[in-house]
Amino acid sequence: RDWSVTGVQTCALPICGAKVVQVSQNPLLLDASTSKGTGPLTFTWSTLGAPVNFVGTGTPGQILVTFPSKGDFVIQLTITDSKTGTTATYSVILEFT
């Protein structure tokens, strides 16, 4: 599992294969984990387009996202392995209803 949206289906998708996931929770917990890499790993969350509010939970790879309104939001996650410099980027389109 690369990352999941708590309460909805699991998402493991590269940026070129982004799909739409409908969500109704606000705020929504996003949880990333990986079994690859040697670490330490850095998880960087961002949004493309409309802004959302990200708040860390204190757990590496987890973040709460708050949507400002209903609509589609592209959430992007980049995982960086600081030992090897390897990065992997994933994205999902969350349709907040």
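Visitor: How many aromatic pairs does the count come to?

Guide: The count comes to two aromatic pairs. Please bear in mind that this is a predicted model.

Visitor: How is a pair of aromatic rings described?

Guide: A pair of aromatic rings is described by the distance between the centres and the angle between the planes.

Visitor: What are the values for Phe 67 and Phe 73?

Guide: The centres of Phe 67 and Phe 73 are 5.1 Å apart, with 40 degrees between the planes, and the pair is tilted.

Visitor: Is Phe 67 stacked or tilted against Phe 96?

Guide: That pair is stacked, because the planes of Phe 67 and Phe 96 are at 15 degrees and planes under 30 degrees apart count as stacked. Their ring centres lie 4.9 Å apart.

Visitor: Where do Phe 67 and Phe 96 lie?

Guide: Phe 67 lies in the loop between strand S7 (62-66) and strand S8 (71-81), whereas Phe 96 belongs to strand S9 (residues 87-96). The pair therefore ties together parts that are 29 residues apart in sequence.

Visitor: Which residues do the ring pairs link into a cluster?

Guide: The cluster consists of Phe 67, Phe 73 and Phe 96, linked by ring pairs.

Visitor: Is Phe 73 buried or exposed?

Guide: Phe 73 counts as buried, because its relative accessibility is 2% and buried means under 20%. Phe 67 has a relative accessibility of 4% and counts as buried, and Phe 96 is buried too.

Visitor: What sits over the ring of Phe 96?

Guide: The charged end of Lys 70 sits over that ring, at 5.5 Å from the centre.

Visitor: Changing topic, do S6 and S7 run parallel or antiparallel?

Guide: Strand S6 (residues 53-56) and S7 run antiparallel, and four bridges join them. Within S7, Thr 66 is the residue that stands opposite Asn 53.

Visitor: And how many residues are between the strands in that hairpin?

Guide: The hairpin of S6 and S7 has five residues between the strands, and Gly 58 there takes a positive phi near 95 degrees.

Visitor: What about Thr 80: in which strand is it found?

Guide: Thr 80 is found in strand S8. It is partly exposed, with a relative accessible area of 24%.

Visitor: Which residues is Thr 80 in contact with, leaving aside neighbours within four places in sequence?

Guide: With those neighbours left aside, Thr 80 is in contact with Pro 40, Leu 41, Thr 42, Thr 86 and Thr 87. Leu 41 is 39 residues away from Thr 80 along the chain, yet their C-alpha atoms are separated by 5.5 Å.

Methods
Residues are numbered from 1 along each chain as its sequence is written. This is a predicted model: local features need pLDDT of at least 70, side-chain atom pairs count only at pLDDT 80 or more; totals for chains, interfaces and linings use all residues. Side-chain values use heavy atoms; hydrogens and water are left out. Rings of Phe, Tyr and Trp (its six-membered ring) pair if their centres lie within 6.5 Å; planes under 30 degrees apart count as stacked, over 60 as edge-to-face and the rest as tilted. Buried means under 20% relative accessible area, exposed over 50%, partly exposed in between (1.4 Å probe, protein chains only). Helices (H or I, at least four residues) and strands (E, at least two) are DSSP runs, numbered from the N terminus. A charge sits over a ring if NZ of Lys or CZ of Arg is within 6 Å of the ring centre and within 35 degrees of the ring normal. Two strands pair if DSSP finds at least two bridges between them. Contact means heavy atoms within 4.5 Å.
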